[in-house]
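Q: Can you walk me through this one? I'd like the ligand site, then a sheet.

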Amino acid sequence: MRQTQAFMPTMKEIPSEAQIVSHQLMLRAGLIRKLASGVYEFLPLGYIVLKKVEQIIRAEMNAAGAQELLLPALQPRELWEETGRWEIYGAEMMKVIDRNKRYFGLGPTHEEVITDLVRQEVKSYRQLPVILYQFQTKFRDEIRPRFGIMRGREFIMKDGYSFDKDEAGLNINYQKMAQAYKNIFTRCGFDFRMVQAGSGNIGGNLSHEFMALANTGEEAIYYCDACQVTLKAKESEEAQPATVEKQICSKCQKEMQYSRGIEVGHTFNLGTKYSAKMKATFLDEKGESKPYIMGCYGIGVSRIVAAAIEQSHDDHGIIWPRQISPYQVIVLPLDVTNEPVKVGAEDLYTALKNKGVEVLLDDRDERAGVKFKDADLIGIPVKVIISARGLAESRIEIKLRKTGEVFKLNTEEALSKIKELI
Ligand SMILES: Nc1ncnc2c1ncn2[C@@H]1O[C@H](COP(=O)(O)OP(=O)(O)OP(=O)(O)O)[C@@H](O)[C@H]1O
Ligand SMILES: [Mg+2]
Ligand SMILES: [Zn+2]
């Protein structure tokens with residue numbers, strides 16, 4: 001992509017409405033813009049990252065045996081009344097009325113819809129287990145939408161649901177999903193912990209939260225890495241307390257580490273909470289009618305983008321983990337009015353593109369300082385700098401965004417170095 005043709009508006013000033021660094025940087029780097037409170041637009045650069053996150057999740061979910069589908073956002077009130085959640089979800093659910101005065105909820109989650117689908121199609125234990133998932137826009141009228149897309153009123157979630165004939169089956173699928181989640185968050189470059197937690201509005205008796213460690217996180221956890229023991233500190237959105245209570249590891253008796261965390265994923269053992277209420281049953285081996293044993297598995301796809309920035313940035317901007325970076329390489333001709341510099345950059349850009357490298361070319365007629373600032377702000381991992389002085393010595397400069405490490409190489413060496421780096 002050429003920056004002269006890209007819709008990539010950057011900002012020098014720190015927007016005053018943004019409290020945390022990921023929100024500031026997402027606005028400044030032109031990843032998102034606000035439409036209304038808790039409602040955001042993903043601009044092209046941000047959307048590439050979102051799609052990359054989605055692709056990592058999709059690959060791991062499919063590998064774990066789950067199948068993707070797409071359910072409607074519009075959900076009839078009657079379905080939610082079967083479980084009593086039309087009342088329970090209350091004001092957090094956005095509602096609309098059709099021309100015949102029928103109520104619909106804009107899906108904040110999809111347990112009712114998926115259970116309704118499966119109860120119509122799966123009648124026998126032979127058809128079980130089944131794991132289904134989707135990527136979808138969810139709507140939640142949060143009391144305090146904040147931190148940009150971190151807590152939006154409209155956001156992208158991956159939600160998955162498993163249906164089993166017995167507890168043993170659910171436990172297997174629950175483990176599979178937990179492992180898929182660990183793979184996903186590792187591939188996203190996160191420092192994260194899996195923590196046992198309560199189950200809130202969604203229900204069931206056991207759940208686990210996946211926390212990306214970050215001091216702006218709304219949650220707080222304790223962990224002992226020696227023993228893999230973790231626990232939630234409290235359910236609150238309060239700012240960091242002045243003093244953190246000590247917590248002793250139940251296994252090794254040493255003091256646990258404390259950290260704030262951003263909830264990026266959540267798995268629930270639902271049991272028969274929804275299937276019993278919705279009479280969603282199958283016939284077992286003995287011909288007896290039984291409710292499905294369910295699990296559900298959510299990931300905050302858009303929240304991951306913000307959490308990644310929260311974990312990986314510096315004073316100059318974003319530092320993308322390679323796997324979710326919108327581009328792998330940015331080529332910076334420092335003066336496009338200098339013909340050899342321009343041609344050198346164009347040639348390198350074409351060579352990289354032909355090799356299938358995701359590359360951005362800053363072909364704007366801007367000062368070197370402006371280009372460096374923007375490149376650091378948008379956080380592409382590998383910068384390739386082409387200057388008149390470098391070319392005089394037949395040298396191209398490769399600079400790593402994260403470490404600042406510099407390599408000065410000729411064109412051929414530069415191409416193979418870039419391949420090695422990405
Ligand atoms: N308002 C929101 N904006 C962005 N992402 C969200 C929002 N609410 C939830 N998510 C993401 O969707 C995932 C699955 O939803 P779930 O219902 O488990 O969330 P939750 O427990 O209500 O989360 P939270 O405690 O942050 O409100 C969460 O783990 C989180 O990553
Ligand atoms: Mg919530
Ligand atoms: Zn321990």
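Predicted model: local features only at pLDDT ≥ 70, side-chain atom pairs only at ≥ 80, totals over all residues.

A: Residues count from 1 along each chain as written, chains are lettered from A and ligands numbered from 1 in written order, and side-chain values use heavy atoms, without hydrogens and water.

Q: How many residues surround ligand 1?
A: 17 residues, with Arg140, Glu142, Arg151, Gly152 and Glu263 the closest. A residue counts if one of its heavy atoms lies within 4 Å.

Q: Which side chain has an N or O atom 2.6 Å from a ligand oxygen?
A: Glu263. For Arg140 the distance is 2.9 Å, and for Arg303 it is 3.0 Å.

Q: How much of ligand 1 does the protein bury?
A: 88% of the 580 Å² that ligand 1 exposes alone (Shrake-Rupley method, 1.4 Å probe).

Q: Which element gives the largest share of the shell?
A: Strand 13, with 5 residues. Strands are DSSP runs of E, at least two residues; helices are runs of H or I, at least four; both are numbered from the N terminus.

Q: Now the sheet. What is the strand order?
A: It is an open, mixed sheet of 5 strands, ordered 20-19-21-22-23. Pairing takes at least two DSSP bridges between two strands. Strand 20 (359-361) and strand 23 (406-409) are the edges.

Q: How do strands 22 and 23 pair, parallel or antiparallel?
A: Antiparallel, over 4 bridges. Ile396 has Leu409 in strand 23 as its bridge partner.

Conventions:
Polar contact = N/O pair within 3.5 Å; in protein donor to acceptor, adjacent residues only side chain to side chain.
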